[in-house]
Amino acid sequence: ACIDFMDIFLVRHGEAAANWGESPDPGLSELGHQQAEVAAALLEQEITVETQLWSSPLRRAIETAGPLARIMRQTVREDEAFREIPAPVPLVQRQTWLRQFMQQQWHAQGEDLVAWRTAALNQLLALQQPAVVFTHFLVINAIVGQVLARDETLCFWPANGSITRLRHHGAGLELIM
């Protein structure tokens, strides 16, 4: 039997041990590790042995992938396409920049940010097997916004450890939940 679709799960990393302006690459807090365990338990019920695990190269995403990788006895593939949005400001100004960015529209963004968003979507479209992708708040927003053809940079507020399900139909993606 031929399957005409496959599911892709986007998992927002668990709570980080430091905030936006404190560290460029924090790991998970104690709560973040608990959120990763809960996400792994939920995903274990939804995925198959063919499911690949992908992650942003940032520590908080890799650490969130850890529990599911152990359950599946699988390595996590890292991909720059799933890295957090590249802020064009120093770390101390990042929080202010992100707050402003989240009130804007995609049509007003520069080529570098549009290219970042397009790369994330294209990487998902290129997947050949079902996948779980451990990534970041604005990556998930960028992808969901493109899938829903929305211009806002912020479409919704995925919680730490949350799971957003997409269905890959070959030519495109559909938001399931």
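Entry 1, a helix pair. I find α4 and α5 roughly perpendicular to each other, because their axes cross at roughly 75 degrees and 65 to 115 degrees counts as roughly perpendicular (under 35 is roughly parallel, over 145 roughly antiparallel, the rest oblique). The axes of α4 (residues 111–126) and α5 (residues 137–147) come within 9 Å. Axes here are lines fitted to C-alpha atoms, for helices over the stretch in contact, with angles from 0 to 180 degrees between N-to-C directions. On the α4 side I list Trp116, Arg117, Thr118, Ala120, Leu121 and Leu124 as making the contact; α5 supplies Leu138, Val139, Ala142, Ile143 and Gln146. Contact means heavy atoms within 4.5 Å. I sorted the residues of this contact into 8 nonpolar, 2 polar and 1 charged. In that sorting Ala, Val, Leu, Ile, Met, Phe, Trp, Tyr, Cys and Pro are nonpolar, Asp, Glu, Lys and Arg charged, and the others, Gly among them, polar.

The model is predicted: local features need pLDDT of at least 70 and side-chain atom pairs pLDDT 80 or more, while totals for chains, interfaces and linings use all residues. Residues are numbered from 1 along each chain as its sequence is written, and side-chain values use heavy atoms, without hydrogens and water. Helices (H or I, at least four residues) and strands (E, at least two) are DSSP runs, numbered from the N terminus.

Which residues of helix α3 (residues 94–101) are buried? I noted Arg94, Trp97, Leu98 and Phe101. They lie on the same side of α3, because they cover an arc of only 100 degrees around the axis, the arc being that of the directions from the helix axis to the C-beta atoms. Buried means under 20% relative accessible area, exposed over 50%, partly exposed in between (1.4 Å probe, protein chains only). The cover over these residues includes α4 and α5.

The buried residues of α1 are Gly32, Gln35, Ala36, Ala39, Ala40 and Leu43. Their arc is only 140 degrees around the axis, which puts them on the same side of α1. They pack against β1 (6–12), α2 (59–72), β4 (131–135) and β5 (163–168). On the face turned away I found the exposed Glu30, Val38 and Leu42.

I located Gly161 in the loop between α5 and β5. Gly161 counts as buried because its relative accessibility is 15%. Leaving aside neighbours within four places in sequence, its contacts are Val11, Arg12, His13, Gly14, Gln35 and Ala39.
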